[in-house]
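Consider the structure shown here. The text begins with the terms, then turns to the ligand and the sheet.

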Amino acid sequence: MTNNIIQLDDVSFSYEQSLALDHISLQIGEGEFWALIGPNGSGKSTLLNIILGILKPSSGSVKLFGDDMRSFKQRERIGYVSQKSNSFNSGFPATVLEVVRSGLTRKVGLFRGFTKKDEQRAMEVLRIVGMERFAKQNIGELSGGQQQRVFIARALAGKPDLLIMDEPTVGIDQQNVASFYTMLNHLNREHGIAIVLVTHEIDLVTELATHVACLNRTIHFHGVQSDYKKMDDDDISKWYGHPVRRVHHQMPEVQQ
Ligand SMILES: Nc1ncnc2c1ncn2[C@@H]1O[C@H](COP(=O)(O)OP(=O)(O)OP(=O)(O)O)[C@@H](O)[C@H]1O
C-alpha cells in the first residue's frame, strides 16, 4: 500500500462570502501523478494554495506526509512551479544555472555561498529536464517552454518528493507541450517524484497522469486514469458546465 503524502479531509474554503471549495476529501499517494482538472473558477488554484499552506481551510483538515499542516516542517519535500514562472524578458540578468541554484537557498540558507556540490546538483537537475546545454545562457533568452523546464529544475534542486504545478504549459505551443509532458512522465516514473498538476488540457495530460481529480467547487470524480477514461463525455460535460469532447492523443516517447 502506498503512503499518503497529501490527505484532505472535508476541506471547505470561502473567500469572504463566496464558497470556493466545498467539502473536499482527497488522498494522494507517494509516486502518483495527479491531473487536477476543472473549468475556469472551479477552485483549482485555491486547492493548490491550501495544499501549499498559503491559504488556510475554513474547515476540515490537511495532512502533508502524515503531519498535520499546522505543524508540518518539511517544506523542502515540496517543489512548486507557478503558472507565471516562464515570463522573464531577455534582459533579465541571471543565467539558467543561477536560477536553478537559487532553488537551493532553502537548504543552504540565504547567506552562505554556493559550493561546487550545489553547482553539480544544479547541473544534474538541468540534465534531468533536458536543459544542460543552456546552463550558461541568460534565462530571458529562452523560449517560454524552455524557461518552464528551467523552473522545474529549480523546483527539483532540493530533491523534493512532490512537485506541484499550476498550469505549467500556459503559453507553450502544442508540439512542445507534448514533449514537456513526456519529460514530466519521466520524472514521475524514473525518479519516483509525485506530481500534482493543474491543467485545462483534459485530453493530453490524462494520457500520462496515473490519477485524475475533477473539480468544480466540489470533487466530481477522483480516481485512477483508466476509470477517468471510461467516463462518458456527457457526464464530464454536466459537471464541467459546457460540452466536453475528449480526443485520444498519442504521446511521443512515453516511457512504459
Ligand atoms: N483572492 C480572491 N478573492 C475572492 N475570490 C477569489 C479570489 N481568488 C479566487 N477567487 C474566486 O474563487 C473561485 C475559485 O478560483 P480559483 O482561482 O481557485 O479557480 P481556478 O479553477 O484556479 O480558475 P482558473 O482555471 O481560471 O485559473 C472563483 O470564483 C474566483 O473568482
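Helices (H or I, at least four residues) and strands (E, at least two) are DSSP runs, numbered from the N terminus. This is a predicted model: local features need pLDDT of at least 70, side-chain atom pairs count only at pLDDT 80 or more, and totals for chains, interfaces and linings use all residues. Residue numbers start from 1 along each chain, following its sequence as written.

A residue is near a molecule or strand if its C-beta atom, placed from the backbone, lies within 6 Å of it. Around the ligand are Y15, S18, A20, G38, N40, G41, S42, G43, K44, S45 and T46. Both β2 (18–29) and α1 (44–51) supply at least two residues of this shell, and α1 gives the largest share, three residues. By class, the shell has two nonpolar, eight polar and one charged residue (Ala, Val, Leu, Ile, Met, Phe, Trp, Tyr, Cys and Pro count as nonpolar, Asp, Glu, Lys and Arg as charged, and the others, Gly among them, as polar).

Two strands pair if DSSP finds at least two bridges between them. An open sheet of six strands has the order β6-β7-β8-β3-β9-β10, with mixed pairing. Because β6 (78–81) and β10 (218–224) stand at the edges with a single partner strand each, one side of each is left without a neighbour in the sheet. From one strand to the next the twist averages 15 degrees (axes are lines fitted to C-alpha atoms, for helices over the stretch in contact, and angles run from 0 to 180 degrees between N-to-C directions).

Within the sheet, β3 (residues 33–37) and β8 (residues 194–199) pair in the parallel sense over five bridges. F33 stands opposite I195 in β8.
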